[in-house]
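Okay, thanks for coming, everyone.

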Amino acid sequence: DGTNRYASPSHERVLGIAPDALLGRSCFDLVHADDLPALRAAFARATDRGATPTSPQPVRFRHADGSWRTLLVTLTDLRATAGVGGIVANSRDVTERLELENRLRQSQKLE
């Protein structure tokens, strides 16, 4: 159902939210409305794939300061793994990389 049962300390660095503040909260609460259907579909695919990770997918998450951060999210269904018992989301912040790529495209258009 997307309820956070664990959040790594890196959440505070990436999203400005203390890990404890995320526990018990739905991971979908912070997702941009336009990205929500795709993320829900990725969760469904993860449950169909078992322990095979989904392909990385860009998802915008709300930062504590109100801005949006783009994370590449990979989901792995580890519900059958002792000590885990859930879907694990691994993510990497690609916001700055995407902004640089957009600036490069804009400068190339100007040329």
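So, what pLDDT does the protein chain average? This is a predicted model, and the average is 90, with 100% of the residues scoring at least 70. If you go element by element, helix α4, residues 95-110, has the lowest mean pLDDT, at 86, while strand β1 has the highest, at 95.

Let's stay with β1, then. The partner of β1 is strand β2, residues 68-78, and the two run antiparallel, paired over six bridges. If you want a landmark, find R62, which stands opposite W68 of β2. Five residues sit between the strands of this hairpin, and there G66 takes a positive phi near 95°.

Now for the inside. In soluble globular proteins, nonpolar side chains tend to be buried together. Here the largest nonpolar core has 18 residues, and L39, F61 and L75 are the ones with the most contacts inside it. Which elements give two or more residues to this core? Those are α1 (10-15), α3, β1 and β2, and α3 gives the most, with four residues.

Leaving out residues up to four places away in sequence, F61 touches a whole list, including L15, C27, L30 and V31, plus W68 and L71.

Over in β2 there's also T76. Is T76 buried or exposed? T76 has a relative accessible area of 10%, so this residue counts as buried. Among the contacts of T76 are G50, A51 and P53, and also G86, I87 and V88, again not counting residues up to four places away in sequence.

Last stop, the aromatics. Searching the whole structure turns up one aromatic pair. The partners are F28 and F43, with ring centres 5.2 Å apart and planes at 65°, so we call the pair edge-to-face. F28 is in the loop between α2 (19-22) and α3 (36-49), and F43 is in α3 itself, so the pair ties together parts that are 15 residues apart in sequence. Both of these phenylalanines, F28 and F43, are buried. And F28 has another neighbour to look at: the charged end of R40 sits over the F28 ring, 4.1 Å from its centre.

That's my tour, so over to you.

Methods. Residues are numbered from 1 along each chain as its sequence is written. This is a predicted model: local features need pLDDT of at least 70, side-chain atom pairs count only at pLDDT 80 or more; totals for chains, interfaces and linings use all residues. Side-chain values use heavy atoms; hydrogens and water are left out. Two strands pair if DSSP finds at least two bridges between them. pLDDT is the predictor's confidence in each residue, from 0 to 100. Rings of Phe, Tyr and Trp (its six-membered ring) pair if their centres lie within 6.5 Å; planes under 30 degrees apart count as stacked, over 60 as edge-to-face and the rest as tilted. Buried means under 20% relative accessible area, exposed over 50%, partly exposed in between (1.4 Å probe, protein chains only). A charge sits over a ring if NZ of Lys or CZ of Arg is within 6 Å of the ring centre and within 35 degrees of the ring normal. A nonpolar core is a set of buried Ala, Val, Leu, Ile, Met, Phe, Trp, Tyr and Cys residues joined through side-chain atoms within 4.5 Å. Contact means heavy atoms within 4.5 Å.
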